[in-house]
Amino acid sequence: MTNGKLERVTRAVYPGSFDPPTKGHLDVIERAAGCFGELIVAIVVNPQKRAPMFSLEERETMLKASVARVGGGVRVEHFRGLLADYVKAAKADVIVKGLRVVSDFESEMSAAMMNRSLSDVDTLFLMADHEYSFVSSSLVKEVFFLGGDVAALVPEPVLRVMVEKRNSLQRR
Ligand code: PNS
């Protein structure tokens, strides 16, 4: 360890849909930025599970504005296709994933093993603060678009884009 940073591991990739980014994501980004020399926050362009509500451009805008205050060593990129191919091309040393609750671990464990078998890159897990254990992008979207208050759950720049999105959808 030098200055609290892991010496052998330098470049980490934190992948996700970030549809939208939450304070839980930002908490993991801050923790990972404190561990690794370089952190790439990588937005998957087309998530497999469901089509994103926010465009790639919107997700990039929200993330870039949110990580701006985290400081040096963090950058936002995007990727298509397999995460394993992306981390190899990015010459990443490690994949970082956030865990909120024990049940997250089940699917994350098989994803980590699959990614390691495809790329030889290991996944390290960081626990988000327990304050965010119930916060997910899908719940945040549902609550917000049904009129609930999510201001405490998303970074301020994210809330601004969400309000713009809601206004533009209401104008249609
Ligand atoms: O924020 P999410 O939706 O939980 O992120 C999921 C993500 C982007 C990490 C995952 O869907 C992914 O890695 N997608 C890229 C396609 C891929 O590599 N699939 C195999 C994963 S083992």
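Where is the place of Asp-120? Asp-120 sits in the loop between H4 and E5, and the views below lead up to that spot. The model is predicted, with local features needing pLDDT of at least 70 and side-chain atom pairs counting only at pLDDT 80 or more, while totals for chains, interfaces and linings use all residues. Residues are numbered from 1 along each chain as its sequence is written, and side-chain values use heavy atoms, leaving out hydrogens and water.

View 1. Helices (H or I, at least four residues) and strands (E, at least two) are DSSP runs, numbered from the N terminus. Helix H4 covers residues 102–119, which makes 18 residues. From its first C-alpha to its last, H4 reaches 25 Å, close to the 26 Å expected at 1.5 Å a residue; the expected span is 1.5 Å times one less than the number of residues. At Glu-108, H4 bends by about 30 degrees, where the bend is the angle between axes fitted to the seven residues ending there and the seven starting there.

**View 2. The buried residues of H4.** Asp-104, Glu-108, Ala-112, Asn-115 and Ser-119 are the buried residues of H4. Buried means under 20% relative accessible area, exposed over 50%, and partly exposed in between (1.4 Å probe, protein chains only). An α-helix has 3.6 residues a turn, so residues three or four places apart point the same way. The buried residues of H4 pack against helix H3 (83–89), strand E4 (94–99) and strand E5 (122–127), with contact meaning heavy atoms within 4.5 Å.

**View 3. Strand E4 and its partners.** Of the 6 residues in E4, 5 are buried. Two strands pair if DSSP finds at least two bridges between them. E4 and E5 run parallel and share 6 bridges; here Leu-99 has Met-127 of E5 as its bridge partner. Strand E1 (residues 11–16) is also parallel to E4, joined by 2 bridges, and Val-13 stands opposite Ile-95 in E4. Together, E4, H4 and E5 form a right-handed β-α-β unit. A crossover is right-handed if, with the strands pointing away from the viewer, the path from the first strand over the helix to the second runs clockwise.

**View 4. Aromatic pairs.** Rings of Phe, Tyr and Trp (its six-membered ring) pair if their centres lie within 6.5 Å; planes under 30 degrees apart count as stacked, over 60 as edge-to-face and the rest as tilted. By this rule the count is 4 aromatic pairs. Tyr-14 and Phe-18 have ring centres 5.5 Å apart and planes at 75 degrees, so this pair is edge-to-face. Tyr-14 is buried at 5% relative accessible area, and Phe-18 is buried at 1%. Phe-105 and Phe-125 also pair edge-to-face, with 5.7 Å from centre to centre and 70 degrees between the planes. This pair links distant parts of the chain, since Phe-105 is in helix H4 and Phe-125 is in strand E5, 20 residues apart.

View 5. Most residues other than glycine have a negative phi, and most peptide bonds are trans. In the loop between E1 and H1, Phe-18 has a positive phi near 50 degrees. A cis peptide bond, with omega about 5 degrees, joins Asp-19 and Pro-20. Back at Asp-120, phi is positive too, near 65 degrees. Asp-120 counts as exposed, at 67% relative accessibility.
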